[in-house]
Amino acid sequence: MTSEITGRARLGRRTKDLVKRLGPQDVAIVDHADIDRVSAEELAESGVRAVVNVSRSSTGRYPNPGPLELVRAGVRLVDAPGAPLFDELTDGEVVRLDGGSVWRNGTLVAEGTVLDAALLEEALADQQGRVSHALEAFAENTLRHLQEEAGSLAAGIELPALGTRFRDRHVLVVARGPGYKSDLRMVRPYVRDFRPVLVAVDGGADALREVGLTADVIVGDFDSVSDASLRAGAELVVHAYPSGEAPGAARLRDLGLPYHVVSAPGISEDLALQLAYEKGATLIVAVGTHFNLVEFLERDREGMASTFVTRLKVGESLVDAKGVSRLVSRRVGIWPLAVFAATGVLAIVGAVLASPALRNVIQSTTRAIANGLGL
């Protein structure tokens, strides 16, 4: 890597929006504490040569592989916490990076630190050694939220009548989680053969369009999906907070699009899975959804009460597409899918048996659900 990189500054405080307008001649200026894996993948795929972050790319809050993946992809990553680049620079002007220094027209505008792979590998190893602390805090918050939401989670949610038929069909639920692009490519033959209902979670609708597919239903708060996907004819389900507030509805009203509102705890992925399950899907294949500890911490989630209960409810019907290459042919049939589902369950059981903290969470969770159901 040469010491100097020259390119046009592209500024964006929301990385998922910025990546849509980045190119190989650009220097991305971001404000993204704990760059997650999805953002790292998209930044690298944009072809950008350098990323300057005015926040810390890895705060140490949890084992975060995102910055390391970005650097390994050949992108120079510079941390300049607190640098006033969003005030000093305008989008599109030429900047020069000399190591971690940012220059404009011969004037130094920020001094940062270049994060190299060796440094990030060492930090990641240290964070992984301390993951038990994050796990304990996460487990406590999960239990607290579960106790607060047990009744509503156990009772289910009120779903609208939709024109899309789910009963006795497969459903593919797509979210923009880690590895979603490779998983989508892998399941294309499955989609062709089984023609599942396509349910997108927010930006998952754009992910489907990128591989030539169109969502039948889009669920979410609609803060990360394009107008083009919203106007493509899908039924739109706005995920509202338990209080009834539905921020995504305003955008759809402005676009003049019809929509349904569903109030539910948890995240939009949970609502999408429950929708498919309650509407009678025989099999739910999930792409890019979140479940493990790191993925939730990447999203800055305090707990996973709703997600935990959702997985318990739909577990027998749910298959996670992460790395499932054997979905590529109709000849595979249903039994391998069942094997993959069982493998996922065994992996979770193994993690529980290996972790006293998780065993305590499972036991406490079971009691909380039973209390919520009045058992």
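# Reading a predicted fold, feature by feature

Author: Let's open with a single side chain: Phe 194 has a relative accessible area of 25%, so it counts as partly exposed. Keep in mind that you're looking at a predicted model.

Reader: Fine. What does the rule for aromatic pairs give, and how many are there?

Author: The general idea is to compare ring centres and ring planes: centres must lie within 6.5 Å, and planes under 30 degrees apart count as stacked, over 60 as edge-to-face and the rest as tilted. Here the count is one aromatic pair. The rings of Tyr 190 and Phe 194 have centres 5.2 Å apart and planes at 35°, so this pair is tilted.

Reader: Where do Tyr 190 and Phe 194 lie? And is Tyr 190 buried or exposed?

Author: Both belong to helix 7 (residues 180-194), and they are four residues apart, about one turn of the helix. Tyr 190 is buried, because its relative accessibility is 1%, while Phe 194 is partly exposed.

Reader: Which residue lies over the face of Phe 86?

Author: That's Arg 13, at 4.0 Å from the ring centre.

Reader: Let's zoom out. How many helices and strands does the protein have?

Author: You'll find 15 helices and 15 strands. Of the 375 residues, 52% are buried. The accessible surface is about 17,100 Å², and carbon and sulfur atoms own 52% of that area. As for contacts with a separation of 6 or more, 66% come from residues 24 or more positions apart.

Reader: Now sheets. How do I read one, and in what order do the seven strands of the open sheet run?

Author: Strands of a sheet pair through backbone hydrogen bonds, and the pairing can be parallel or antiparallel. In this case seven strands make an open sheet, ordered 13-12-11-10-9-14-15, with parallel pairing. Strand 13 (260-263) and strand 15 (318-320) are the edges, each pairing on one side only. On average, neighbouring strands here are turned by 25° against each other, direction ignored.

Reader: Over how many bridges do strand 9 and strand 10 pair?

Author: Strand 9 and strand 10 (residues 197-201) pair in the parallel sense over four bridges. Val 171 has Val 197 of strand 10 as its bridge partner. Strand 10 also pairs with strand 11, again in the parallel sense, over three bridges, and there Val 201 has Val 219 as its bridge partner.

Reader: How do I check the two faces of a strand? Which residues sit on each side of strand 11?

Author: In a regular strand the side chains alternate between the two faces of the sheet. In strand 11, Val 217 and Val 219 are on one side, Ile 218 and Gly 220 on the other, and all are buried, so both faces are covered. Strand 3 (residues 50-53) also has both faces covered, with Ala 50 and Val 52 on one side and Val 51 and Asn 53 on the other. Strand 3 pairs with strand 2 (residues 26-30) in the parallel sense over four bridges, and Asn 53 is the bridge partner of Val 30.

Reader: What does helix 11 lie across?

Author: Helix 11 (residues 268-278) lies across strands including strand 11 (217-220), to which it runs at about 140°. Nine of its eleven residues are buried, among them Glu 269, Asp 270 and Gln 274. After the helix comes Gly 280, with a positive phi near 100°.

Reader: Which loop residue touches this helix, then?

Author: Take Leu 159, in the loop between helix 6 (131-155) and strand 9 (170-174). Leaving aside neighbours within four places in sequence, its contacts include Leu 271, Gln 274 and Leu 275. Leu 159 is partly exposed, because its relative accessibility is 21% and the buried class stops under 20%. Leu 159 and Ala 264 are 105 residues apart in sequence, yet their C-alpha atoms are 9.8 Å apart.

Reader: You mentioned phi. What is the phi of Asp 34, and of Phe 222?

Author: Asp 34 has phi near 60°, a positive value in a residue other than glycine. Asp 34 sits in the loop between strand 2 and helix 2 (37-45) and is buried, at 5% relative accessible area. Phe 222, also not a glycine, has a positive phi of about 60°. Phe 222 is in the loop between strand 11 and helix 9 (227-230), and it is buried at 2%.

Terms used. Residues numbered from 1 in each chain as written. Predicted model: local features only at pLDDT ≥ 70, side-chain atom pairs only at ≥ 80, totals over all residues. Heavy atoms only, no water. Phe/Tyr/Trp six-rings, centres within 6.5 Å; stacked < 30°, edge-to-face > 60°. Buried < 20%, exposed > 50% of the residue type's maximum accessible area, 1.4 Å probe, protein only. Lys NZ or Arg CZ within 6 Å of the ring centre and 35° of its normal. Contact = heavy atoms within 4.5 Å. Areas by Shrake-Rupley, 256 points an atom, 1.4 Å probe, with all protein chains shown as cover. Pairing = 2+ DSSP bridges. Axes fitted to C-alpha atoms, helices over the stretch in contact; angles between N-to-C directions.
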